[in-house]
Amino acid sequence: METDGEEKKKLWQKWQFWVGIVVLLASMGAGWIASIGFYSLFPGSMPASLREKGTEDTQVIRSMQRTKEVSLLRLGVTGIISKENKSHFFNMEIPGTERARFIQYTFDAKLGFEGKDVVIKKTDGNTFDVTIPEFKFIGYDHPEYRVIVEQNGMLSFGTQQIDSLDMVNNILTDKAKKEYVDSNRDILQEQAESFYTSIVRSVSPDTKLNFTFQQNKSD
């Protein structure tokens, strides 16, 4: 049979055990909160494993206007680009840490070719061979963008901030420019033929033009 002293000793040991557990959990919680606070002040220092990034871009062609310039085609483009960041703890997503931003953008894209690279050679009689250089993204006008939706979770202060300028800079990538050209190549060829034919036949109606269109070797 245990004495009162032995029973008190066991109760004291149990009490010490549970106090230790509580202190350990409190220390882990304080450490997590401290790290979240640190990352909120210095988001660039957050390890890649603790954050997740996802970017989506949805766009449509809202208008199309043919022009009689070296820039042969003008596209009115509008779209929405979105980006989301989340924080993780040991590969587990932390609820409430998500950040999301949706930006609507518009601009007028200009497609065409370099006029100085056009080669015109006379073959016989009133026939000329016209070689048009590869079509390219010439530039853009009237860019506008605005944040239409922004979402921040209750614990998002520890998640890396989303940079709107960085999102906008990623809209006109080389891949996107190439897609604009490739998807409108038939119209660009038609416009190039119309452009030079109208000029030549206004002076010599009987002149015949044979067109050749160069393409990038990687196409």
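Guide: In helix H4, the buried residues are Arg-185, Ile-187, Leu-188, Gln-191, Ala-192, Phe-195 and Tyr-196. Buried means under 20% relative accessible area, exposed means over 50%, and partly exposed lies in between, using a 1.4 Å probe and protein chains only. An α-helix has 3.6 residues a turn, so residues three or four places apart point the same way.

Before going further, please note that this is a predicted model, where local features need pLDDT of at least 70, side-chain atom pairs count only at pLDDT 80 or more, and totals for chains, interfaces and linings use all residues. Residues are numbered from 1 along each chain as its sequence is written, and side-chain values use heavy atoms, leaving out hydrogens and water.

Helix H4 covers residues 185-203, 19 residues in total. From its first C-alpha to its last it reaches 28 Å, close to the 27 Å expected at 1.5 Å a residue; that expected span is 1.5 Å times one less than the number of residues. Helices (H or I, at least four residues) and strands (E, at least two) are DSSP runs, numbered from the N terminus. The chain has four helices and eight strands, in the order α-β-β-β-β-β-β-β-α-α-α-β.

Leaving aside residues up to four places away in sequence, Tyr-196 touches Phe-113, Val-118, Ile-132, Leu-209 and Phe-211, where a contact means heavy atoms within 4.5 Å. Tyr-196 is also one of the residues that touch the most other members of the largest nonpolar core, which has 31 residues. Such a core is a set of buried Ala, Val, Leu, Ile, Met, Phe, Trp, Tyr and Cys residues joined through side-chain atoms within 4.5 Å. Elements that give two or more residues to this core include H4, strand E4 (99-112) and strand E8 (208-213).

Phe-113, Phe-135, Phe-195, Tyr-196, Phe-211 and Phe-213 form one aromatic cluster. Rings of Phe, Tyr and Trp (its six-membered ring) pair if their centres lie within 6.5 Å; planes under 30 degrees apart count as stacked, over 60 as edge-to-face and the rest as tilted. The whole structure holds ten aromatic pairs. Among them is the edge-to-face pair of Phe-107 and Tyr-140, at 6.2 Å centre to centre and 70° between the planes.
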